[in-house]
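Dear colleague,

Please find below the structure I promised to pass on to you, together with its sequence. Once you have had a look at it, the notes that follow go through what was found.

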Amino acid sequence: MLNRVRSAVAHLVSSGGAPPPRPKSPDLSNAPSAQPAVPPEAPRSPPARAGSGSSAPAKTVEARASFSRPTFLQLSPGGLRRADDHAGRAVQSPPDTGRRLPWSTGYAEVINAGKSRHNEDQACCEVVYVEGRRSVSGVPREPSRGQGLCFYYWGLFDGHAGGGAAEMASRLLHRHIREQLKDLVEILQDPSPPPLCLPSTPGAAGSSDPSHLVGPQSCWSSQKEVTHESLVVGAIENAFQFMDEQMAQERRGHQVEGGCCALVVVYLLGKVYVANAGDSRAIIVRNGEIIPMSREFTPETERQRLQLLGFLKPELLGGEFTHLEFPRRIQPKELGQRMLYRDQNMTGWAYKKIELEDLRFPLVCGEGKKVRVYDLTQYEHCPDDVLVLGTDGLWDVTSDCEVAATVDRVLSAYEPNDPSRYTALAQALVLGARGTPRDRGWRLPNNKLGSGDDISVFVIPLGGPGSYS
């Protein structure tokens with residue numbers, strides 16, 4: 001049965017099938033851009049012009065999206081042509097001007113050696129302001145910048161079978177995260193434990209007799225501890241799911257083709273959250289030590305596997321159980337309120353409106369590790385401590401230890417207060433994975449094949465000039 005379930009899940013993901021029912025999220029495709037806390041970036045590097053006389057609008061949209069490059073590269077039309085040259089494979093980085101990426105982040109990328117028509121990787125680096133949607137008391141409040149939160153955001157997106165999904169995710173995923181954090185602004189600023197329930201939703205429907213869904217309280221363990229950190233994790237996980245649903249809708253409308261991996265870093269309130277879906281990778285190199293910050297996106301616990309099984313095969317639950325998990329047993333009087341929950345896709349927590357079926361007994365409980373958290377305040381970082389993000393084009397030919405060695409070699413050649421050192425490191429990592437052109441393709445110094453894939457790398461300094469302070 002497990003193999004059949006896995007096959008069904010694989011088909012569901014690959015075909016853009018219907019995702020689990022979830023709380024509604026606003027359509028962000030035409031939403032206003034995130035409000036930056038730094039001067040706005042230059043416009044996105046323009047897409048290449050589609051060939052004249054094309055009779056396939058959907059394909060034209062896809063070609064244009066795939067040929068665009070990240071905004072912060074600020075590529076001219078000539079630079080865009082060089083970035084799309086499979087023969088030259090020139091390394092692209094933001095211009096060396098006084099207008100740098102947040103934290104003096106380094107970035108470099110290079111196109112593939114002919115694997116696909118265009119570079120299917122995309123990248124995003126933003127400072128995003130979040131205004132609270134409501135107060136914990138349930139009384140709407142007037143927007144005020146002083147009451148909001150800012151988070152720093154980095155994202156790498158490796159497109160598959162086209163660059164449309166990666167381009168779409170690079171534009172919208174951080175907006176989904178912002179939307180999920182709106183309910184948490186006041187909660188995250190309050191040192192008290194998060195409230196289990198938010199106030200009732202006006203006009204929420206209840207049940208006149210839900211007692212048949214309530215089992216003996218002795219069957220329920222004590223209330224789970226829910227931390228502020230797990231709320232942020234849940235917000236990021238929900239954002240990934242909403243982004244996936246939006247992509248599925250766009251695919252059904254034939255506006256976006258293919259799919260993408262997503263590797264995202266969020267810095268908020270002293271902590272770095274690393275979320276990964278796919279085969280990109282993130283590591284911290286700290287004083288020569290390697291700290292893995294991501295792993296492949298696969299089911300990791302019995303809790304999530306059984307929750308997924310319960311979602312796909314509800315008849316196995318016999319109408320007595322719910323596949324959702326809550327911190328404690330729900331009481332009938334809490335119908336219509338918003339309580340913390342998590343489903344088979346989540347390891348953090350989020351809020352949802354309690355409905356009648358949620359009063360059923362939960363199937364299982366457990367933990368997982370899809371989003372990893374690193375507390376920057378627990379360690380005194382030096383300018384050579386960095387977080388390295390790379391698409392699989394880097395990691396296919398470069399090990400963690402080789403990346404750490406390159407970090408030491410390159411950064412030691414620069415003054416600690418030189419902000420260009422991190423871009424130089426990103427370029428060195430990309431060049432080291434790309435190799436040099438020879439008679440038999442792109443080769444590394446040991447004559448092994450270099451990466452023929454698109455390669456994208458972020459280098460985020462954890463201390464020194466670009467520190468979180």
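In helix H10, the buried residues are Arg421, Tyr422, Thr423, Ala424, Leu425, Ala426, Ala428, Leu429, Val430, Ala433 and Arg434. Please keep in mind throughout that this is a predicted model. Because 11 of the 14 residues of H10 are buried, this helix is largely enclosed by the rest of the structure. Helix H10 covers residues 421-434 and reaches 20 Å from its first C-alpha to its last, which is close to the 20 Å expected at 1.5 Å a residue. Directly after H10 comes Gly435, with a positive phi near 85°.

Arg89, which is not a glycine, has a positive phi of about 50°, and Arg89 sits in the loop between helix H3 (77-83) and strand S1 (106-110). Asn447, likewise not a glycine, has a positive phi of about 75°, and its place is the loop between strand S16 (441-443) and strand S17 (455-461). Are these two residues buried or exposed? Arg89 has a relative accessible area of 0% and is therefore buried, whereas Asn447, with a relative accessible area of 33%, is partly exposed.

Next, the nonpolar cores. The largest one has 54 residues, and the members that touch the most other members are Phe151, Tyr153, Phe157, Leu181, Val266 and Leu268. Helix H6 (residues 228-252) gives the most to this core, with nine residues. A second, separate core has 28 residues, including Leu73, Leu101, Ile291 and Met293. To return to Phe157, and leaving aside its neighbours within four places in sequence, its contacts are with Glu120, Asp121, Gln122, Cys124, Ala166, Ala169, Ser170, Leu173, Cys260, Cys261, Ala262 and Val264.

There is also a sheet that you can follow strand by strand. In general, the strands of a sheet pair through backbone hydrogen bonds, either parallel or antiparallel. Here three strands form an open sheet in the order S4-S10-S11, and the pairing is antiparallel. Strand S4 (197-198) and strand S11 (350-353) are the edge strands, each of them pairing on one side only. Strand S10 (residues 338-341) runs antiparallel to S11 and is joined to S11 by four bridges; in this pairing, Tyr341 stands opposite Ala350 in S11.

The loop between strand S9 (321-322) and S10 holds Glu325. With a relative accessible area of 0%, Glu325 is buried, and its side chain is joined to the side chain of Arg342 by a polar contact of 2.9 Å.

Finally, how many salt bridges does a search of the whole structure find? The search finds 13, and three of them are described here.

One of them joins the side chains of Lys115 and Asp453, at 3.3 Å from N to O. Lys115 lies in the loop between S1 and strand S2 (121-130), while Asp453 lies in the loop between S16 and S17, so this pair ties together parts that are 338 residues apart in sequence.

Another salt bridge is formed by Arg171 with Glu167, whose closest N and O atoms are 3.0 Å apart. Because Arg171 and Glu167 are four residues apart in helix H4 (residues 164-181), about one helical turn separates them. Arg171 counts as partly exposed at 32% relative accessibility, while Glu167, at 8%, counts as buried.

The remaining one to mention is the salt bridge in which the side chains of Asp96 and Arg100 meet, at 3.1 Å from N to O. Asp96 is exposed, with a relative accessible area of 62%, and Arg100, at 34% relative accessibility, counts as partly exposed.

With best wishes

Note on methods: Residues numbered from 1 in each chain as written. Predicted model: local features only at pLDDT ≥ 70, side-chain atom pairs only at ≥ 80, totals over all residues. Heavy atoms only, no water. Pairing = 2+ DSSP bridges. Helix = DSSP H or I, 4+ residues; strand = E, 2+ residues; numbered from the N terminus. Buried < 20%, exposed > 50% of the residue type's maximum accessible area, 1.4 Å probe, protein only. Polar contact = N/O pair within 3.5 Å; in protein donor to acceptor, adjacent residues only side chain to side chain. Core = buried A, V, L, I, M, F, W, Y, C linked by side-chain atoms within 4.5 Å. Contact = heavy atoms within 4.5 Å. Expected span 1.5 Å × (residues − 1). Salt bridge = Lys/Arg side-chain N within 4 Å of Asp/Glu carboxyl O.
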